Amino acid sequence: MKKLIIILILVFILCFTGTLYAQENLKIYFLDVGQGDSSVIISSSGQVVLIDSGPNESLILRYLQNLGISQIDLLIATHAHADHITGMDKIIAKYKPKAFIDPGIPHTTITYQKMITALEKYNINYYEGTSRKINLGPLTFTILSPATPFIKESELNNNSVVVRLDFKNFSCLFTGDIEKEREGQLLNESRNNLNVDILKIAHHGSYSGSSPLFIKSVNPETSIIFCGKGNQYGHPHQETLTLLQSLGINIYRTDLNGTILVETNGTDYQVFTEKESIRAPPIVKSETKTSESQEYKYAASKNSDVFHFISCSYVATIKPENLILFKTSEEAIASGRRPCKVCKP
Amino acid sequence: MVIKLIIDRFEGKFAILESQDKNPLIFNFPYHLLPEGVKEGSVIRFNIDIDEKETKTRRKKIKEQLDNLKKKDRGGDIQL
């Protein structure tokens, strides 16, 4: 599918009232909520989905009001951390969503307790984030299979609800705050559902997520990173940015671009940003650096003396924590490994 | 005074703590200052009191440093 990306700087009001664009389009707003996540999805027939509410109650309520949202059909809390669910109680009280999904893992915080108390109080239809599809007008949401049992390492992040949105030929993957352990599980169990046009980068672009093999499997044309301007956690991490750049993936960041709007008719999509796009300069491919700046082509397990092409079926079976990547076969051989007899790298 | 805070999550060298208020405050706290075994979701107790003795000592020591600096003041206008 040939996609056209036009970056436009729009007057905020025009952009957000949506008067410029045809109503038959799907709109996804990646809201600039500071250091946190919140995405509003508005279908061509007016259905509304909110995935996460960010870290600031008054801000998200204001955004929803400014967008003219009068009802929420589906509310998803990818996981229980406060930078994703603050203000959920107020949103539930005001909009009384028709369905609510979260991973089904409790947290001890007041913020989480307020959310589930509101779900009880308003008798909201609760669904666990198990492997399931949600059909909503022209949209299909697919919840990718959670790990069973849940991943213990960084439990709340890794077991985030991961949801894929399909609208005609357009697709987008929302990853919450998953880290490499979960990416490995998804590569094993949901590989066929990973390839999308737009990837919401996991965990604010932290190096705890976005393993090279995962990003390559998703193979997005465009990536979106939620992070707060000048945040103290160093998000997004340079490793993630370098990887995305080396693969030629477009990068949009809420800290630099403000709110990002993706609008699609199901075939082509356009990206609009609230602030002027400040794109990181492309990696300079100087004479000496050419081979270095190329992407990883070879992979091996830490525990094996064989290396493979990254596309070799054996690579999918390597646990992410054991995965080693090489840019050249010389590098792989220098590590004491021999070529795989199947893929013959 | 004892206060209780809840660990919302960890981000790198920070633990993100939540106050137990109706509208909780969320803030960063150095991870390395927390006891071993803390997990996300742990409720941690802080025993907080004022160390009057150390406050006095620090006040005195730092005042001495400043007084020494003041001795360097030659007085009058400054020509740079």
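A salt bridge is taken here as a side-chain nitrogen of Lys or Arg within 4 Å of a carboxyl oxygen of Asp or Glu. The model is predicted, so that local features need pLDDT of at least 70 and side-chain atom pairs pLDDT 80 or more, while totals for chains, interfaces and linings use all residues. Residues are numbered from 1 along each chain as its sequence is written, chains are lettered from A in the order in which they are written, and side-chain values use heavy atoms, without hydrogens or water.

Over all chains the structure holds 13 salt bridges. In one of them A:Arg164 pairs with A:Asp166, the closest N and O atoms being 2.7 Å apart. A:Arg164 counts as buried because its relative accessibility is 10% (buried, under 20% relative accessible area; exposed, over 50%; partly exposed, in between; 1.4 Å probe, protein chains only). A:Asp255 and A:Arg253 form another salt bridge, with closest N and O atoms 2.7 Å apart. A:Asp255 is buried at 6% relative accessibility, and A:Arg253 is buried at 17%. In chain B, the side chains of B:Lys60 and B:Glu64 meet in a salt bridge at 3.8 Å, N to O. Both residues lie in helix 1 (residues 52–71) of chain B, 4 residues apart, about one turn of the helix (helices, H or I, at least four residues, and strands, E, at least two, are DSSP runs numbered from the N terminus). B:Lys60 is exposed, with a relative accessible area of 58%, whereas B:Glu64 is partly exposed at 42%.

Chains A and B bury about 1400 Å² between them, 46% of it on carbon and sulfur atoms (accessible area, 1.4 Å probe, that two parts lose on being put together, summed over both). The contact (heavy atoms within 4.5 Å) takes 17 residues from chain A and 18 residues from chain B. The count between the two chains is 1 salt bridge, formed by B:Arg9 and A:Asp83 with closest N and O atoms 3.6 Å apart. Helix 3 (82–85), helix 5 (110–121) and helix 6 of chain A each supply at least two residues of the side that touches chain B; helix 5 gives the most, with 3 residues.

The largest nonpolar core has 33 residues, and A:Val40, A:Leu64 and A:Met115 are among those with the most contacts inside it (a set of buried Ala, Val, Leu, Ile, Met, Phe, Trp, Tyr and Cys residues joined through side-chain atoms within 4.5 Å). Helix 2 of chain A contributes the largest share of this core, 5 residues.
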